[in-house]
Each structure stands twice: as structure tokens, then as C-alpha cells.
Amino acid sequence: MSLLTLKDIGKIYVSEGNVSVGIRGVNLSFDKGEFVAVTGKSGSGKSTLLNVISGMDSYEEGELFIEGQPTSHYLQKEWEEYREKYISFIFQDYNIIESFTVLQNVELSLMHIEDKKERRRRALELLDRVGMTSHIKQKGSKLSGGQKQRTVIARALAKDSPIILADEPTGNLDSATSEEIIELLHEVSRDKLLIVVTHNFEQVEKCATRHIRVFDGAVESDHVISRSEISCKETEVKENTANKKKNSDFKKGLTLGRAIFTSKPKLSFFLCLLMLIGTLGIFMVTTLCGDASILFEKNYMFEHIDGRVVITTQNGAVISEEELENIVNKYGAKDYLHYDILLDSYSYYMNFKYQGEDKYVEFAYTYGEDFGDDIIGRYPEKNNEVLLYMPISYQPMFGKNSIEIKNISYSGMELNVTGIKYYYDNNITPRCLFTSEGFRTVTALHYIFTRSSTNISVRIFASEGYLINEIQLYNVIPSFDMEDGTAYINSGEYTKFVNTLYDKNCKTQINFTAQYYNYDYNNYETSQKAFSFVRLIEDENIVDNGPVINGYAGEYDGSVFMSVSLLREISEEVLERAYRQASIFFENDKEARIAAEKLKNDGYIAVTSDTTYTPDATTVIIGLIAGLMVAFMWFIAIVFLAFFIGLCSNRTIGAFKGDMAIMRSMGIPVKVIKTGMYVRMLIALIPAYILVIATAVLIFTTPKFNEFFTYLYAWEYAVIFVGMLILTLRITRGQVKRLFGESVKKSLKGGAAE
Ligand code: ADP
Ligand code: MG
């Protein structure tokens with residue numbers, strides 16, 4: 001059985017309506033060890049014959065047998081396998097991959113060997129055989145014609161296929177080099193079938209064992225010249241394939257991808273740069289536009305503090321301190337907070353001095369929260385002490401290892417900062433943690449005195465019951481420095497009156513009027529009523545020298561400084577009557593939920609603070625708009641990026657076209673080449689990913705940047721990364737489609753033309 005048999009093979013070309021005959025009625029049979037020279041005039045069908053044998057061109061008539069097996073039913077995939085297994089092709093115009101080094105070109109054919117070192121060893125051995133050892137690091141483009149052809153021969157040998165086809169391999173070489181190449185070919189292919197097309201028979205005469213003449217697409221003559229020499233010189237290099245593991249197509253693709261990436265450094269660098277700009281762009285857009293997570297944020301009914309349960313009575317009765325203490329004991333709670341309104345209120349601008357300037361930070365007030373052990377300083381212990389939980393961007397001001405700003409104030413109330421904890425997620429509102437006493441103080445301040453329903457005035461009486469004047473005051477400031485039960489009126493107007501009218505009989509009083517709504521829970525629609533109370537502070541408790549806060553007392557003209565105890569006393573008079581809610585703190589949310597169930601049986605409405613609600617339409621719409629904005633920015637960024645990468649890679653596609661076709665003609669499966677293309681693009685993405693992560697780390701660890709960029713969560717990074725990945729894959733798919741859309745032969749011609 002012959003290695004290769006052509007039976008009545010015919011190939012017709014149809015182009016632009018013209019039918020031309022490539023070859024017709026060809027009957028030939030070949031065996032290993034033959035050196036076949038094919039000659040004939042230009043256009044006689046020599047190339048067509050080789051192309052058909054190589055499986056790069058189809059045939060319409062007859063049958064081609066390989067090792068006795070017919071091939072006419074082959075589809076592209078089978079032809080690929082056929083080429084991979086049987087064929088090495090050497091072209092007139094070399095078809096070396098110019099951007100690859102000599103060594104890479106040869107190694108390309110050795111990808112089936114898994115072990116890298118073995119691959120290298122084998123490539124060097126083959127290059128030694130063709131006399132190219134001294135040029136292994138040279139790029140294909142830098143070689144002379146002869147050197148290119150030697151490299152291609154080494155590459156053809158690397159495949160160790162039984163058939164080597166050479167289409168005018170010396171057509172572009174001078175005669176001396178031509179002879180060398182033919183001799184080399186002859187020497188290295190003694191055990192193979194070698195078919196050489198040439199228009200110069202003299203060059204091959206010495207070596208050829210058979211001479212086929214082609215004329216007008218048909219075989220004109222077929223002479224055996226001499227017997228094969230296979231017996232006299234047994235080839236020395238024998239493959240020891242036994243212990244060699246076969247490399248998978250995927251690994252081949254990986255190797256190829258790396259080679260493609262490194263072989264065009266400028267292009268690859270540019271690609272990396274594009275990916276980098278794109279990824280960074282999307283990242284910046286995301287972090288500057290805001291956090292997309294608002295779309296998925298939970299809507300808590302109350303400020304969520306782990307273990308917190310909010311309770312109120314079902315009948316609308318006011319909850320007493322005693323009752324709360326009983327609940328704590330009964331259910332094993334950690335703690336309770338009676339007047340918890342501030343936990344769920346807005347945040348407040350607190351003022352501090354930094355390098356002589358007034359600065360403001362917005363804080364929510366909190367109590368009972370655990371910020372862990374890794375805080376700077378300590379947790380608050382006194383009622384004027386606070387722990388600040390704030391974003392890292394405040395670190396330069398408040399200090400890194402020690403507390404640099406020790407005082408912070410809220411509308412004149414001075415608080416001592418004893419602890420600080422910084423965080424990176426700047427989507428969170430800063431929080432100011434109080435002791436339970438401290439929290440009650442600020443609650444008193446807010447619930448009673450900063451409401452418009454509270455009226456404070458100074459009344460001056462000439463004698464008991466005889467009011468001379470009443471001065472309206474605007475503000476109450478709790479002062480932790482003042483003696484219990486005392487107040488200080490910081491008002492120029494007051495002093496004026498006292499100076500002119502005051503005599504021994506005049507008495508001064510501070511008069512409070514507060515209002516609150518007393519809801520009737522059984523009938524709340526109609527019986528909403530206001531309630532007032534008056535609290536008088538006697539003359540003797542009004543002190544002459546009040547606190548001077550940061551030298552700013554003047555700023556609070558018209559306000560009353562008062563001791564914390566006095567403030568609390570007054571406020572609780574209202575709160576005790578009107579406040580119907582409280583928070584109980586348990587170890588964690590799980591325990592809180594269990595306790596809440598029991599509390600319900602005891603006649604309370606109990607809601608754990610991790611309870612969420614479905615937001616109303618407005619909130620949903622606002623959230624949606626914000627989310628859409630981010631999505632839109634992402635979209636724009638991605639479209640731009642896709643456009644640019646597409647543009648740039650389309651420009652370079654021509655350069656690849658030729659290379660891809662060469663690889664295909666070498667019998668490298670399309671799958672491997674495609675994998676290689678994908679790998680190359682994905683490698684280009686790596687620096688972008690690393691840089692984005694590095695930038696993110698920089699932004700969120702450098703306090704200065706933390707202020708300007710929205711903190712992104714891991715999943716948002718994942719979205720960016722996956723987005724870039726999908727984008728890259730899509731672009732590559734487009735390229736692959738364009739590259740492999742046409743036949744090998746056409747690509748080869750197209751590639752060679754460029
Ligand atoms: P040779 O290699 O001997 O010069 P070819 O095999 O290239 O000859 O060409 C044989 C015949 O087939 C010629 O008439 C040529 O015009 C025709 N032919 C070859 N390739 C094509 C093609 N792609 N499209 C149309 N005709 C072709
Ligand atoms: Mg030709």
C-alpha cells in the first residue's frame with residue numbers, strides 16, 4: 001500500500017464566471033523515501049497539485065488516498081487533522097513568521113511536546129541540523145532568504161510528518177544557496193516523502209529519485225531516476241516518542257498566545273495600554289460617579305445596630321425606666337436606651353478646629369455600637385466623651401496613632417474625643433458614639449431645645465408676680481463645666497436690662513415652654529393635642545460668669561448655657577410623659593429576633609433593627625436613576641473602549657493574517673490558533689487588572705484620595721473585571737472571525753501580499 005495515492009484527481013477553479021482547470025485526471029502514487037521533482041511551465045498546475053495533496057485546496061473529481069484511506073468526504077476539521085499528521089509545507093516565499101525568532105518559529109512546530117525544556121532541546125537540535133545555530137535569537141524578518149528557508153526546513157522537520165511538500169523552495173534564492181537548500185532538504189528527508197516543485201530541474205537532478213512533468217494540468221511524464229537510497233544511509237535521528245507526553249490543544253494555545261504576545265512587543269505594549277486606559281476609565285467613572293450598590297441597598301426601618309430591638313407599647317402607653325430594667329433582666333439583654341430617637345435621626349454637623357480653621361463633619365449619633373478593639377484611644381466613659389467613627393480621609397487631621405484633635409463641638413456643646421476609628425468605605429455616614437449618659441444629654445438637647453416648639457425666655461420681675469420684661473432667647477447649650485442646676489445667660493440685652501432696671505427686689509427667671517404631641521393611640525386620628533409646661537429657674541441659679549467656649553461665647557449671644565443636670569431634668573419632664581419608644585440591646589441580631597418574638601407576647605410591638613422595608617416609589621425611582629447613571633457611564637466607557645480597541649486591533653489584523661495562515665498551513669489546528677489569539681488578548685489585560693487593584697489600594701489607603709473616590713465593593717470590582725473580560729473576548733471573537741473567515745490559501749496570498 002502506498003503512502004499517498006491520487007486517483008483521477010481533478011481541480012477546477014471558478015472565478016468571476018471563468019472556469020479554469022487547475023489539474024485534471026491525475027493518477028499518481030507516492031511512497032516514503034522518494035524525492036519527487038515536479039516540473040512544468042508556469043500555470044501548468046504544479047502548485048495546484050501540491051495544494052490538493054496538502055489539503056489546503058479541495059478537489060472536485062477523483063479520490064485522494066492517504067495510507068489507503070479515502071479523503072473525499074473530509075470536512076475542514078478532518079483536513080486540519082490530516083495536515084497536522086502528515087504534511088509539512090515549504091513555500092517559495094518562505095512563509096516564516098517574521099515577528100518570531102528563528103527558535104520560536106521552530107518551537108511553534110514542537111508545541112505537541114509538553115515539556116518546555118525538551119521542546120527547546122529538540123528545536124536546537126533541528127536548527128543545528130540546518131546550520132542555523134548561530135541565528136536562533138534573530139527575528140524572522142532579519143534573515144536572508146536562504147536562512148529563512150533553512151529555518152522553514154527545520155520547522156518542517158520539527159513536525160516530523162511523513163510528507164514534505166516544497167513549492168519552488170529555491171525560487172527566490174541564488175543558485176549556490178539553492179543547491180545548498182536542496183541538498184539539505186534531501187539529507188533531512190531520506191525517510192520521508194519529499195515532493196519538490198521546481199522550474200529548474202538541474203538543481204534537483206542530483207538528489208531526485210523521480211521526475212514528474214506536468215503540462216496543462218495533466219501529468220505528461222513520470223520517470224523514476226534512481227532507486228531510493230534509504231537503505232544505504234539509515235537516518236541517525238530517530239524520534240524517541242515513547243516517553244513524550246502529548247500536549248493538549250489548550251496548552252498549545254497557551255504557549256502560542258504567549259509567543260504571539262511577546263513576538264510583537266510594541267503592539268502588545270500598545271494593547272496593554274489600551275486595556276489599561278479602558279479598565280482604569282471604567283474604574284474611575286464608577287468610583288467618581290458613585291457607588292452602584294445603592295441599587296441593592298437594604299432599607300432598614302431603623303438604624304441597624306447588631307442586637308438592637310426597638311419596642312413600643314401596643315396600647316400607646318409611655319414606657320417607664322422601671323419597665324425597661326425589668327425587660328433587660330427578664331430577657332437577658334445587655335443594655336437599653338430609653339430615649340433612642342437620635343439613633344434614627346439625621347446626622348449633625350459637628351465643628352472642630354484644625355490649624356486655626358473651623359471645620360465641619362457630618363455625624364450621626366449612636367449608642368451601644370461595638371467598633372471592635374482596634375481603635376485609637378479608648379471608648380467613651382463620661383457623658384462628655386465620644387468615640388468618632390469616620391472615614392480614613394480625616395486621618396490627616398485627627399491623627400494616625402494618637403488623637404490630635406481632642407475637642408469637637410455641636411452648637412456650642414463641647415465634647416472630648418477619647419477614641420477614633422477610621423474606615424475605608426466612605427459610603428457610610430460617620431458616627432459619633434456616646435455613653436448612655438452622653439447620649440441622653442444630646443437627646444435632651446435635640447428633643448427639647450432645638451425644636452421650634454420650644455420657647456425660652458428670660459423674665460425679669462420687679463416683685464413677685466410683677467413682670468417687667470421678657471427677653472426671647474434662641475438656644476440652649478449644655479455645658480459639662482457648669483455646676484449642677486445652674487444656668488448662664490449669654491445675652492447683651494439681658495445685661496442691659498439688668499443694669500438699668502435691676503434693683504434688690506427684681507428677680508430673674510428663665511422660663512421654658514415646650515410642646516409635644518400627645519397621641520391617643522385608640523383614636524389617634526382626631527385627638528392630637530399639644531401640651532405645654534413651664535419650668536422656672538430662680539435668680540440664684542443664674543450665674544454671672546458662664547463658660548467661654550473657644551473664645552466664641554459672643555457667637556452664641558442670645559443663648560443659655562446650662563449644666564447638663566439641669567438640661568436633663570427639664571427635658572425628661574417632657575420625655576417621660578411623651579416618649580413611647582425604647583431600644584433594647586442584645587448580644588446579636590439572632591438573639592434580638594428571639595427576644596422580639598417573646599416581647600410581642602408581652603404586649604409590646606417589638607422590631608429588630610435588621611428589619612427591612614420595601615421603599616416607596618420615590619425612593620425606588622431615585623435609586624434607579626442613580627443606578628442608571630452609573631450604568632450609563634459604564635456603558636459609555638465600554639463603548640468608547642470597544643471602539644478604540646476594535647479600531648487598533650483591526651489595523652493590526654493584517655499583520656496577523658499572514659502569520660495565522662502560515663500556522664494553519666503548518667497544520668496547527670484552528671482551535672489552537674484561536675486559543676492563542678484569546679490568550680494573547682487576555683495577557684494584555686493582566687497589567688490593567690493589576691494596575692486597577694493597585695490604584696484602588698492606593699486610593700483607599702491614602703487618606704487624601706479617600707475623600708474624592710467612592711469606595712467600591714469587591715463585587716463592583718468583579719463587575720468591572722468581568723466586564724473587561726467579556727469585552728476582550730468579544731473583540732477577540734470578532735478578530736478570529738475575520739481571520740478565519742477565509743480559506744488558508746487565500747489568507748496566505750493575502751498575507752504574503754502585505
Ligand atoms: P503553476 O504552479 O504550475 O504555475 P498553478 O497550479 O498555480 O500553476 O495554476 C494552474 C491553473 O489554475 C492556472 O491556469 C491558474 O490560472 C489556475 N489557478 C490557480 N489558482 C487559481 C485560483 N485561486 N483561482 C482561479 N484559477 C486558479
Ligand atoms: Mg506555482
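# Briefing: ligand shell, sheets and buried residues

By class, the residues in the shell around ligand 1 are 9 polar, 3 charged and 2 nonpolar. The model described here is predicted. The protein contains 20 helices and 29 strands, and buried residues account for 52% of its 754 residues.

**Ligand 1**

- Ligand 1 is surrounded by 14 residues, and the closest are Gly 43, Gly 45, Lys 46, Ser 47 and Thr 48.
- At Lys 46, a polar backbone atom is 2.9 Å from an oxygen atom of the ligand.
- Ser 47 takes part through its side chain, where a polar atom lies 2.7 Å from an oxygen atom of ligand 1.
- Thr 48 also has a side-chain N or O atom placed 2.4 Å from an oxygen atom of ligand 1.
- On its own, ligand 1 has 560 Å² of accessible area, and the protein covers 67% of this.
- Strand S1 (4–15), strand S2 (18–30) and helix H1 (46–54) are the elements that give two or more residues to the shell.

**The sheet with S1 and S2**

- Strands of a sheet pair through backbone hydrogen bonds, and the pairing is either parallel or antiparallel.
- An open sheet is formed by 4 strands in the order S2-S1-S4-S5, with antiparallel pairing.
- The edges are taken by S2 and strand S5 (69–70); each has a single partner strand, so one side of each has no neighbour in the sheet.
- Between S1 and S2 there are 9 bridges, in the antiparallel sense.
- Leu 4 is found opposite Phe 30 of S2.

**Strand S18 and its partners**

- Strand S18 (residues 413–423) has 11 residues, of which 9 are buried, so the strand is largely enclosed by the rest of the structure.
- Strand S16 (residues 385–391) runs parallel to S18, and 7 bridges join the two.
- Met 390 has Tyr 422 in S18 as its bridge partner.
- Strand S17 (residues 407–410) pairs with S18 in the antiparallel sense over 4 bridges.
- Ser 409 is bridged to Glu 414 in S18.
- The hairpin of S17 and S18 has 2 residues between the strands, and Ser 411 there takes a positive phi near 35°.
- Strand S15 (residues 376–377) is also antiparallel to S18, with 2 bridges between them.
- Gly 377 has Gly 419 in S18 as its bridge partner.

**Two buried residues**

- Ser 189 sits in the loop between helix H6 (175–188) and strand S8 (193–197).
- The relative accessible area of Ser 189 is 4%, so this residue counts as buried, the cut-off being under 20%.
- Apart from residues up to four places away in sequence, Ser 189 touches Ile 164 and Leu 194.
- Ala 696 belongs to helix H17 (residues 670–701).
- Ala 696 is also buried, because its relative accessibility is 7% and the limit for buried is under 20%.
- With neighbours within four places in sequence left aside, Ala 696 is in contact with Phe 283 and Tyr 717.
- Ala 696 and Tyr 717 are 21 residues apart in sequence, and their C-alpha atoms are 9.4 Å apart in space.

**The protein as a whole**

- Among contacts with a separation of 6 or more, 77% are between residues 24 or more positions apart.
- The accessible surface is about 36,100 Å², and carbon and sulfur atoms hold 53% of it.

Terms used: Residues are numbered from 1 along each chain as its sequence is written. Chains are lettered from A and ligands numbered from 1 in the order in which they are written. This is a predicted model: local features need pLDDT of at least 70, side-chain atom pairs count only at pLDDT 80 or more; totals for chains, interfaces and linings use all residues. Side-chain values use heavy atoms; hydrogens and water are left out. A residue is near a molecule or strand if one of its heavy atoms lies within 4 Å of it. A polar contact is a pair of N or O atoms within 3.5 Å; within protein, one must be able to donate a hydrogen and the other to accept it, and residues adjacent in sequence count only if both atoms are side-chain atoms. Accessible areas come from the Shrake-Rupley method with a 1.4 Å probe; for residues, only the protein chains shown count as cover. Ala, Val, Leu, Ile, Met, Phe, Trp, Tyr, Cys and Pro count as nonpolar, Asp, Glu, Lys and Arg as charged, and the others, Gly among them, as polar. Buried means under 20% relative accessible area, exposed over 50%, partly exposed in between (1.4 Å probe, protein chains only). Contact means heavy atoms within 4.5 Å. Two strands pair if DSSP finds at least two bridges between them.
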